[in-house]
Structure formats: structure tokens, C-alpha cells
Amino acid sequence: MGLRELDRLGDEIAVLSAHLEAATARLLALIRRFDAEGGWNNGFRSCAHWLCWRVGLDLGAAREKVRVARALAHLPRLADALARGELSYAKVRALTRVATPDTEERLLAVGRAGTAEHVERIVRGWRLVDRKAEARDAARRHAGRALHVYQDGDGMVRVRGRLAPEVGALLMKALDAARETLYQRGRLQKAAAGADGEFGEERVSEETPTFEQQQADALALLAETALHQGLDPGTPGERYQVVVHVDAAVLADPDQPGHSVLKDGVRVSAETSQRLACDAGRVVMRHDADGQLLEISARTRTIPPALRRALQHRDRGCRFPGCGVRYGQGHHIRHWAQGGPTTLSNLALLCRRHHRAVHEERFQIQRQPDGELQFRTPHGWLIPDVPPPVDVPDDPLQIIRAQNEAAGLRLNAHTATPGWLGERLDVGYAIDVLHPLATTN
Ligand SMILES: [Zn+2]
Ligand SMILES: [Zn+2]
């Protein structure tokens, strides 16, 4: 092949690439809409998982597509450059990791001037400056943590402080839980008092405490509980252990009357108690109609280690189509309370998310006579493991070109050529000039 021909071939590659980048911009716009409208939310963990399943992307690439699609919603100049075939998806992907509406214009110039490798290096340098600024912020916040507890003139104790965000979240969660417990207790006491009719009216007319008063009571309960437990936060497993008291009839059939109650008196739905009992690292106490304890199930229903290993080996991960999360819970396809055996053929590995989908969101799972599992949506639609292939026209490129031309694009072999002329890239200098925080150091 002669030099001239090779040159033409090179041009052809460049033109077609520009067309594909422009088409990618359209693809990202569609993904953004699908994601925002929750089109994936019919059993899939995320839009990325849906993309893996439906169009065959690997999970990393799918996550990047969704991330870039979302980011471009707030970065119109970068979105536009991609849509015009001027900036490659690789450059846009890198730039969206650091660009904000304020810095977008400058970074677009970087994308236009440099090669994909330059862009990648500048973005790395940019992130370093961002991370240093972030680390400084975090260090300042951390140093600023404080809790002042002191007595006021009238003997009341004042509490004032500043907590790191994650510690604050922990405190708020604990207060919420403590408030919920107190409130629940109060209701139960009222109900009990109402039942024997003695103090009923007096108690009911008692004023409900304000939110602030409830918070104060919740803090007291937290302190009391912490001291009572010897300030032992426990292992994660213990922390999340749940005890469910459930009427025997309910566990077998959620439509039966009866109820399921957590240890602290909080009611849960029959479906939730079935899920919690399905793979018991939990303690389930079954009661008969008179409240007599029938059975404590953790000992009898736990999947034995050998069976669990076999289940993990057979299923490898969550069996829900398109999921594949590696660790999960053993789901009894026919619940043990309905006579389903704890055997390999009656078990399927499901991740936490999909175990909930099956029990509480009415997704259906069935084992076919050939041993394969079949999943259906709550409406009964089949969710195939592999979606049916789409009809691809004979010349998809012709269609992309036609669409691009209809959109007014006139692409040529130099649409996406960087302005770089071959000089050495000085990343440090470039960041100093470009990054808004770099000069203020
Ligand atoms: Zn289950
Ligand atoms: Zn799953």
C-alpha cells in the first residue's frame, strides 16, 4: 500500500472515530435519561448493573458510562465538544473526574490542546491538588472536633459541640434509634394502661414531648445503655444480630393473622420476618397461639457449613440475573416454615439486596425441572439471564453517519486533532496556571 493510500486510510479512521464519539454523546444522553427516570430499577442494583446485563459492558466500563453521563448534565461545554466529535470519550471521561462548572472552560482547552495522555496526566496532577486541599479541610475539621459539657447556673447541664461528619451521623442514627425505642415503649405502656382502664385517661391526656425534649430523653437512654453495656461496641456481627419473635402461623403464611416483633417491640412485616428467618444467622423464636415458645430456630435451621460451602461453590454469587455479587445469603426457595427442606436443590444464593427483592418486593424465583432458576418481576414478567439480542441493521455505521449529518455535523479527519505541536508537557507548570487552588498555596 502506497504512502498516499495509507494517509487516506488514516483519515478514514479519524473521520469514523469522530462519528463514533458523536454517537457516544447521544448514547450517554440516553443513559442519563434512563438513569434519572429509574428505568433500570426493576430488580437491578443500579443503572450500571442493568447496562452490564443488557448491552454486555463489563461492570467497570458501565459504572464509568453512568458516572460520565451524570457528570455531563452539569458540564454543557464538555458534553457539546463530545457531541461535535471534537473531544474523544477517553478525554471527556478523564476531564469529568475533576471538572466543575467553574473550571470546565479551562479544562476543555486542555482537552482540545493535548493528547489523551496529556489530559490524563494533567487530570492526575489536578486531583492531587484537589486531594491536598481536601485533606487540609478534613484535617482542619478533625482538629476542630470538640464537645463541651458544663453546668449552667440553675443546675441544668449544657451540651455544645462540633463532630466530624461520620461521628455526627453515628450520633444522629443512635439518637433516632433511641427516640424510636422510647416512643415505642411509651405507646406500649399507653396501650397497656388503656387495657386495664385505670390510668387510661390520665395517661392519654399527657402532653407529647416536643422533638427537642425527645432528643434529650434519647441522649439519656444512650448514656444509660452505653454504661450498662460496659462501653463495648461489640463485633459487627453482634451489632446487627436481630431477634425476631414470630407467630408460627405467620412464618408459614404471611396472610395468616398474627404478628412478628423484634426484640425491642418494633413490629416488622410478615415478609421481613420470613427473610430474616430464611438464612438464620439470626435467632427466631416461634410462638403458638397462646404465646408459648414453640421453637428456637437458629440451631435447627442454620445452613450447615458444608452445605453452605457447596452452595457457594455451585452458585458462585447472587443468582439474580445481572447481579453476581459474590457473597450472599442462602434463600430457601420453598421456605422451611412451609416444609421446604434445607437442601442444595431448595437453596439459592442471593445477595442482601435481592434477598429482600424476593421476600418483600414479590419478585419470584422458581427452580425449573432441569435445575435452572427462573426469576420473574412482581408482574410475572420473565427476567432472562441473558437478554435477547437486538436487531442490528446491515450497515449500522451508515445510520450513525446519517444521524450525525442530520444533526448538522460536518466531520473531517482533523475534527479531533489536538493543538499540541510536540513540545514537552510540563504538568507542574500547567497545573499552576490552570488550577484555581494551586496559585493560592
Ligand atoms: Zn429467603
Ligand atoms: Zn443480587
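**Entry 1: helix H4**

Which residues are buried in helix H4 (residues 76–83)? I looked them up in this predicted model. Leu78, Ala79, Ala81, Leu82 and Ala83 are buried. I count a residue as buried if 20 or more other C-beta atoms, placed from the backbone, lie within 10 Å of its own. Helices are DSSP runs of H or I with at least four residues, strands are runs of E with at least two, and both are numbered from the N terminus.

Next I checked what the buried residues of H4 pack against. I found helix H1 (3–36), helix H3 (59–72), helix H5 (89–95) and helix H6 (104–113). Contact here means that the C-beta atoms of two residues, placed from the backbone, lie within 7 Å. Just after H4, I noted Gly85 with a positive phi of about 75°.

**Entry 2: ground rules**

Residues are numbered from 1 along each chain as its sequence is written, and chains are lettered from A and ligands numbered from 1 in the order in which they are written. In this predicted model, local features need pLDDT of at least 70 and side-chain atom pairs count only at pLDDT 80 or more, while totals for chains, interfaces and linings use all residues.

**Entry 3: the whole protein**

I found 18 helices and twelve strands. The protein has 441 residues, and 23% of them count as buried. I then took contacts between residues at least 6 apart in sequence; 57% of these join residues at least 24 apart.

**Entry 4: helix H7**

I checked the span of helix H7 (residues 116–143). The expected span is 1.5 Å times one less than the number of residues. For the 28 residues of H7 that gives 40 Å, and the end C-alpha atoms are 40 Å apart, which agrees. Val119, Ile122, Val123 and Trp126 are buried in H7. Their cover includes H5, H6 and helix H18 (427–434).

**Entry 5: strands E1 and E2**

Strand E1 (residues 146–151) and E2 run antiparallel, joined by six bridges. Two strands pair if DSSP finds at least two bridges between them. Tyr150 stands opposite Arg158 in E2. The hairpin has five residues between its strands, and Gly155 takes a positive phi near 95° there.

How many of the six residues of strand E2 (residues 157–162) are buried? I got zero, so E2 lies largely in the open.

**Entry 6: a three-stranded sheet**

I traced an open sheet in the order E10-E11-E12, with antiparallel pairing. Strand E10 (364–367) and strand E12 (382–383) stand at the edges with a single partner strand each, so one side of each has no neighbour in the sheet. Four bridges join E10 to strand E11 (residues 373–376). Gln364 stands opposite Arg376 in E11.

Technical notes
A residue is buried if 20 or more other C-beta atoms lie within 10 Å of its own, exposed if 12 or fewer, and partly exposed in between; C-beta atoms are placed from the backbone.
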